[in-house]
Structure formats: structure tokens, C-alpha cells
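Trainee: Please give me a close look at a single part of this model, and begin with the chain to which that part belongs.

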Amino acid sequence: MTCAFKLAGALGSRADTPGGYDDRRGPVLRQPRFHWTAPSVATRPFPLYRDIEDPGEAPTEPVADLVLHPGDVLYVPRGVWHAVCADQGVRSLHVTCGLQAHTASDLMAWVSEQLIAHEDWRHYLPLLARPELQADALDGMRKRLAELLEDPGLIARYRAAMDGQAVGRMVPSLPYIDGIPADPRLRVRLTTARAVLEVGEGTVTLSAAGTVYEFAPEAEAVLRPLVDGRTMDLATLADTAGLALEDVAGLVQELVAGQAAVVGSLL
């Protein structure tokens with residue numbers, strides 16, 4: 001989700017034409033009075049940031065003419081044309097939060113990356129080959145793609161992959177720039193709420209802030225409360241996992257270096 005603050009001019013003015021549409025949906029938080037015009041529903045359903053078709057001309061007749069007051073929230077569906085202005089002689093500030101949804105094209109982009117594991121998807125494309133050879137190449141790609149799409153857990157796998165890549169809120173671990181000391185009172189938390197912890201045979205895998213970490217099974221007791229969103233001190237983590245304080249500090253150091261965790265005494 002992305003949010004932006006917008007100031008509608010020092011003094012309000014009426015908007016006679018639609019201001020545009022957004023390729024994402026989202027609420028608008030208003031303070032104080034603000035005039036909102038929705039000329040029409042979407043002229044292109046579900047527009048994308050990188051699209052292949054123009055949405056066309058904006059409609060001229062509005063379907064809604066709204067005045068938002070302090071504390072009001074307006075939800076604007078994706079692709080709906082709209083224009084905004086402050087009332088005459090009024091300063092107005094509003095916060096727009098855009099919710100970026102995932103689409104089938106996002107899924108297919110990720111699927112294509114997974115297929116790189118297969119040699120035939122890394123092979124040269126037969127651009128200058130005979131038509132029958134090109135058809136054979138397409139048939140092979142189609143079979144590989146169909147195999148992956150037959151997996152009923154594919155979307156769940158995609159979601160987990162996106163969660164692991166989500167960058168959290170970056171916070172400096174000052175003054176610990178040269179390493180994390182084995183201080184039992186030092187507290188740690190993850191910078192992202194979307195970390196994914198997977199426990200396998202002989203290894204524990206953490207995907208957080210765009211990096212995949214592999215640890216020994218004993219690390220699960222250290223990582224589990226952090227993935228659950230808790231802020232923990234190193235002493236508690238060491239006692240829970242039955243590990244030496246120095247080992248827990250070393251594990252946390254890896255996460256801090258990858259910007260997946262932050263440490264401090266006042267967290």
C-alpha cells in the first residue's frame with residue numbers, strides 16, 4: 001500500500017474537467033471540506049500501470065458529486081475517473097492511500113521466473129528456424145507451463161514468495177554499525193510483517209525483506225516469535241532456543257545486515 005499527502009491549493013478552486021483515474025484502488029482521508037466529482041465509472045475496466053490500451057476520453061457527465069467533511073473516507077475503485085478541488089477560499093489537505101492488487105499478469109511473470117529452472121526455458125528461441133521447429137518449441141513450453149498451472153497451490157506459493165520479497169520499514173540499528181554485541185538486554189524485531197518461515201528436514205528457511213536465509217533447525221525457536229511480530233531481547237531468545245547468547249547475536253547480525261531486522265535497547 002502506498003500513501004501520499006496532497007494539498008489542494010492555498011485557496012480552493014472548482015475542477016471543471018476530470019483529473020484522471022488511478023491504476024490502483026484506495027481510500028481517501030479528508031481534512032477539512034473537499035469537493036469530489038466522479039464523472040463516470042471506468043472507461044477501461046481494471047487498468048494497469050503498464051497497459052497496452054488507452055482508457056479513452058473522460059466522460060463529461062458526472063455520476064456523483066460529493067462533498068467530504070473532516071474525518072470522511074471515500075473509497076475510489078480502480079479505474080474510475082474523478083476530479084477533486086477544495087471549496088472556495090478553503091485550504092484542504094487529504095491523504096490518498098493506493099492499494100496495489102496482484103493480477104494474473106503478475107502471477108505469470110513470477111511463473112516465468114520459476115520455469116527458468118528447466119533447461120528448455122533457458123534454451124535459445126528458434127527465431128529463424130523452420131515453422132515446424134518453432135511449433136515444437138512452443139509445444140514444449142506449453143507443456144511446461146501447463147504442468148505448473150495444474151498445481152492447486154500455485155497461488156499460495158506465489159503469495160508466500162511475494163511476502164518474502166516485501167521490503168519492510170527500514171530502521172537503522174544505531175549505534176551498532178560494526179556488529180551486534182552479545183548484550184542480553186538488546187532487543188530485536190523484524191522490519192517486515194510479511195516474513196515467511198518454513199521448517200524442513202534439517203534446515204529452517206526464513207524469507208524476509210527480499211532475502212532467503214537458511215539456518216539450522218535450532219534457529220526456529222529464535223525466529224518464530226520474530227516472525228509472529230514480537231519484539232524480543234537476546235537473552236529471552238537464547239534461553240528459549242537453548243543456544244548461547246553469542247550464537248543468537250550472530251544470527252541476528254545476519255538479519256540486520258540484510259535489513260530484515262533492527263536492534264536497539266529502546267525498541
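Mentor: Two residues are in contact when heavy atoms lie within 4.5 Å. Among such contacts in the protein chain between residues at least 6 apart in sequence, 76% join residues at least 24 apart. The model is predicted, so local features need pLDDT of at least 70 and side-chain atom pairs pLDDT 80 or more, whereas totals for chains, interfaces and linings use all residues. Residues are numbered from 1 along each chain as its sequence is written, and side-chain values use heavy atoms, with hydrogens and water left out.

The chain contains seven helices and 13 strands, taken as DSSP runs (H or I, at least four residues; E, at least two) and numbered from the N terminus. Of its 267 residues, 33% count as buried, that is, under 20% relative accessible area with a 1.4 Å probe, protein chains only.

The part to examine is an open, antiparallel sheet of three strands in the order E9-E10-E11. Its edge strands, E9 (196–199) and E11 (211–215), each pair on one side only, where pairing requires at least two DSSP bridges. From one strand to the next, the twist averages 15°. Four bridges join E9 to E10 (residues 204–208) in the antiparallel sense, and Val199 stands opposite Val204 in E10.

Two helices complete the picture. Helix H4 (residues 154–165) lies across E9, E10 and E11, at about 120° to E9. Helix H7 (residues 245–257) also packs on the sheet, touching E10 and E11, and its direction makes about 165° with that of E11. These angles run from 0 to 180 degrees between N-to-C directions, with axes fitted to C-alpha atoms, for helices over the stretch in contact.

Key
Buried means under 20% relative accessible area, exposed over 50%, partly exposed in between (1.4 Å probe, protein chains only).
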